[in-house]
Amino acid sequence: MEWTGIIIGAISFAAIGVFHPVVIKCEYYFGSRIWPLFLVGGAACCLISLTVSNIILSAALAVVGFAMLWSIGEIKKQEERVKKGWFPANPRRRP
C-alpha cells in the first residue's frame, strides 16, 4: 500500500487550515502591507522544494509555498471583508 498521496493530501488540508487564521491575524495586526513577507516565504518554500529529494518533504514545501502565495490575495480580500464589517478592525492600527 502506498501512503504518499494520502500524506500529501493531509499536508495540503493542514496548510489550508493553518493559513486561514494566519491571514486573518496578519491582516488584523499588520494590514495588507505584510504581503511581501508571504511573497518571499512562498517563493523560498517553492524554490527549496525543487532541491529536496524526499518526495513528501518536497511536496509539503511546495504546498506551503503555494499556500503562502495564495495568501497574498486573501490578505487583500480580508482587508475588504474588514471594511464591510464582516471581521473586526484593529482599533490600535491606523488605516
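## Lys77 and its salt-bridge partners

Lys77 is partly exposed, with a relative accessible area of 45%. In this predicted model, the Lys77 side chain meets that of Glu74 in a salt bridge, at 3.7 Å from N to O. Both residues sit in helix 3, three residues apart, so about one helical turn separates them.

Glu74 has another partner. The side chains of Arg81 and Glu74 also meet in a salt bridge, at 3.0 Å from N to O. Arg81 counts as partly exposed, at 21% relative accessibility. Side chains of opposite charge can pair when their charged atoms come close.

## The salt bridge of Lys83

A search of the whole structure finds three salt bridges. One of them joins Lys83 to Glu80, with the closest N and O atoms 3.8 Å apart. These two residues also lie in helix 3, three residues apart, or about one turn of the helix. Lys83 is exposed, at 63% relative accessible area. Glu80 is partly exposed, at 39%.

## The nonpolar core

The largest nonpolar core has twelve residues. Among them are Ala15, Phe19, Val23, Phe38, Leu61 and Ile75. Helix 1, helix 2 (35-51) and helix 3 each supply at least two residues of this core. Helix 3 gives the largest share, with five residues.

Val23 is one of the core residues. Setting aside neighbours within four places in sequence, Val23 is in contact with Ser71, Glu74, Ile75 and Gln78.

## A buried serine

Ser58 lies in helix 3, which spans residues 55-83. Ser58 is buried, with a relative accessible area of 16%. That value falls below the cut-off, because buried means under 20%. Beyond its neighbours within four places in sequence, Ser58 is in contact with Ser49 and Val52.

Met1, Trp3, Ile6 and Ile7 form a nonpolar patch on the surface. Together they have about 520 Å² of accessible area. Met1 is placed in the segment before helix 1 (4-30). It is exposed, at 90% relative accessible area.

## Annotated transmembrane regions

An unreviewed UniProt entry carries the annotation "transmembrane region" for residues 6-23, 30-50 and 56-73. Residues 6-23 are 100% helix and 0% strand, and their end C-alpha atoms are 26 Å apart. Residues 30-50 are 81% helix and 0% strand, with end C-alpha atoms 31 Å apart.

Note on methods. Residues numbered from 1 in each chain as written. Predicted model: local features only at pLDDT ≥ 70, side-chain atom pairs only at ≥ 80, totals over all residues. Heavy atoms only, no water. Patch = residues over 30% accessible without salt bridge, like charges linked within 9 Å, V, L, I, M, F, W, Y side chains within 5 Å. Areas by Shrake-Rupley, 256 points an atom, 1.4 Å probe, with all protein chains shown as cover. Salt bridge = Lys/Arg side-chain N within 4 Å of Asp/Glu carboxyl O. Helix = DSSP H or I, 4+ residues; strand = E, 2+ residues; numbered from the N terminus. Buried < 20%, exposed > 50% of the residue type's maximum accessible area, 1.4 Å probe, protein only. Contact = heavy atoms within 4.5 Å. Core = buried A, V, L, I, M, F, W, Y, C linked by side-chain atoms within 4.5 Å. UniProt positions renumbered as here; feature names shortened; annotations may be inferred.
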